[in-house]
Amino acid sequence: MARRFFVGGNWKMNGDKESLEALIGSLNAANLHDDTEVVCAAPSVYLNFVRSHLDPRISVAAQNCYKVAKGAFTGEISPAMIKDCGADWVLLGHSERRHVFGESDELIGQKVAHALQSGLCMIACIGETLEERESGTTEDVVYAQTQAIADNVTDWAKVVLAYEPVWAIGTGRTASPEQAQEVHEKLRAWLRANVADDVADSVRIIYGGSVTAANCRELASQEDVDGFLVGGASLKLEFVDIVNARA
């Protein structure tokens, strides 16, 4: 089954209206490959601003959400609020949420369930630390993280899985194309064994971790790498080259 190439840009806690307007102007004017789906994850306070200025061919995501629709949860945002701002996607389980803010597999699973029930599409993130890779537990870690997500998925058509080895995020260290392919291939086999053949064949598994214009084409050539989740480079013009990695 042909899986549509997917590139997400995670702007993280960066930008202001002036700089984002300039970035959006560059993206709107860019020649983006028609066969690539593009989603940009903006800071929550700018979701409305970004959606109203960004070309409709590019979808907008929130970088996080909570597990219920409303209530006494100071500082949180709900899927309903995200949709009210015009965004259709959410990023869940990013390693910075897991490791900086202490989010557990259980909480991420609850967020997955509520976001899907609320009609959002999602980029669900998994990945091991350097310590876990060096101790040989990469598969155990990413399978457990994927299980917590899979247990809460009601519609796999709305889910993109992002494999992001924590040791490669923002460090300049990138998993080699062979390392990325190996984990992606094993994840697809896990989905085949634990979810369903059609899900394994159709779900897009994207790679994140210091993706740049210089390394994106070789990574994109791997059979089970269906796109990228891009951090720092998504704030630069090279993001266009990454979007066009298969053009």
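User: Before we start, what counts as buried and what as exposed here?
Analyst: A residue is buried under 20% relative accessible area and exposed over 50%, with partly exposed in between. Please note also that this is a predicted model.

User: Fine. Is Leu237 buried or exposed, then?
Analyst: Leu237 has a relative accessible area of 62%, so it is exposed.

User: Where is Leu237 found?
Analyst: Leu237 lies in the loop between β8 (227-230) and α11 (238-243).

User: And how many residues apart in sequence are Leu237 and Thr138, and what is the spacing in space?
Analyst: They are 99 residues apart in sequence, and their C-alpha atoms are 33 Å apart in space.

User: Let us change topic. How do the strands β1 to β8 run?
Analyst: Eight strands form a closed barrel in the order β1-β2-β3-β4-β5-β6-β7-β8, and their pairing is parallel. On average, neighbouring strands of this sheet are turned by 25° against each other, direction ignored.

User: Take β1 and β2. How many bridges join them?
Analyst: Strand β1 (residues 5-10) is joined to strand β2 (residues 36-41) by six bridges, and the two run parallel. Within this pairing, Val7 stands opposite Val38 in β2.

User: Now β5. Why is it described as largely enclosed?
Analyst: Strand β5 covers residues 121-126, and six of its six residues are buried, so the rest of the structure largely encloses it.

User: Which side chains point which way from β5?
Analyst: Cys121, Ile123 and Cys125 point one way, whereas Met122, Ala124 and Ile126 point the other way; all of them are buried. In a regular strand the side chains alternate between the two faces of the sheet.

User: What pairs with β5 on the β4 side, and over how many bridges?
Analyst: Strand β4 (residues 89-92) pairs with β5 in the parallel sense over four bridges. Met122 in β5 is the bridge partner of Val90.

User: And how many bridges join β5 to β6?
Analyst: Five bridges join β5 to strand β6 (residues 159-163), and these strands run parallel. Here Ile123 stands opposite Val160 in β6.

User: On to helix packing. At what angle do α7 and α8 cross?
Analyst: The axes of helix α7 (residues 138-150) and helix α8 (residues 177-194) cross at roughly 45° and come within 11 Å. The two helices are therefore oblique to each other. The crossing of α7 past α8 is right-handed.

User: Which residues meet there?
Analyst: From α7 they are Thr138, Glu139, Val142, Tyr143, Thr146, Gln147 and Ala150, and from α8 they are Val183, Lys186, Leu187, Trp190 and Leu191. By type, the residues of this contact are seven nonpolar, three polar and two charged.

User: How far apart are the axes of α5 and α7?
Analyst: The axes of helix α5 (residues 105-117) and α7 are 8 Å apart, and the helices pack at an angle of about 35°. Helix α5 passes α7 in a right-handed crossing.

User: Which residues make that contact, and of what type are they?
Analyst: Asp105, Gly109 and Val112 in α5 meet Ala144, Gln145, Ala148 and Ile149 in α7. The residues of this contact divide into four nonpolar, two polar and one charged.

Notes:
Residues are numbered from 1 along each chain as its sequence is written. This is a predicted model: local features need pLDDT of at least 70, side-chain atom pairs count only at pLDDT 80 or more; totals for chains, interfaces and linings use all residues. Side-chain values use heavy atoms; hydrogens and water are left out. Buried means under 20% relative accessible area, exposed over 50%, partly exposed in between (1.4 Å probe, protein chains only). Two strands pair if DSSP finds at least two bridges between them. Axes are lines fitted to C-alpha atoms, for helices over the stretch in contact, and angles run from 0 to 180 degrees between N-to-C directions. Angles under 35 degrees count as roughly parallel, over 145 as roughly antiparallel, 65 to 115 as roughly perpendicular and the rest as oblique. A crossing is left-handed if the near helix is turned anticlockwise from the far one by less than a right angle, and right-handed if clockwise. Contact means heavy atoms within 4.5 Å. Ala, Val, Leu, Ile, Met, Phe, Trp, Tyr, Cys and Pro count as nonpolar, Asp, Glu, Lys and Arg as charged, and the others, Gly among them, as polar.
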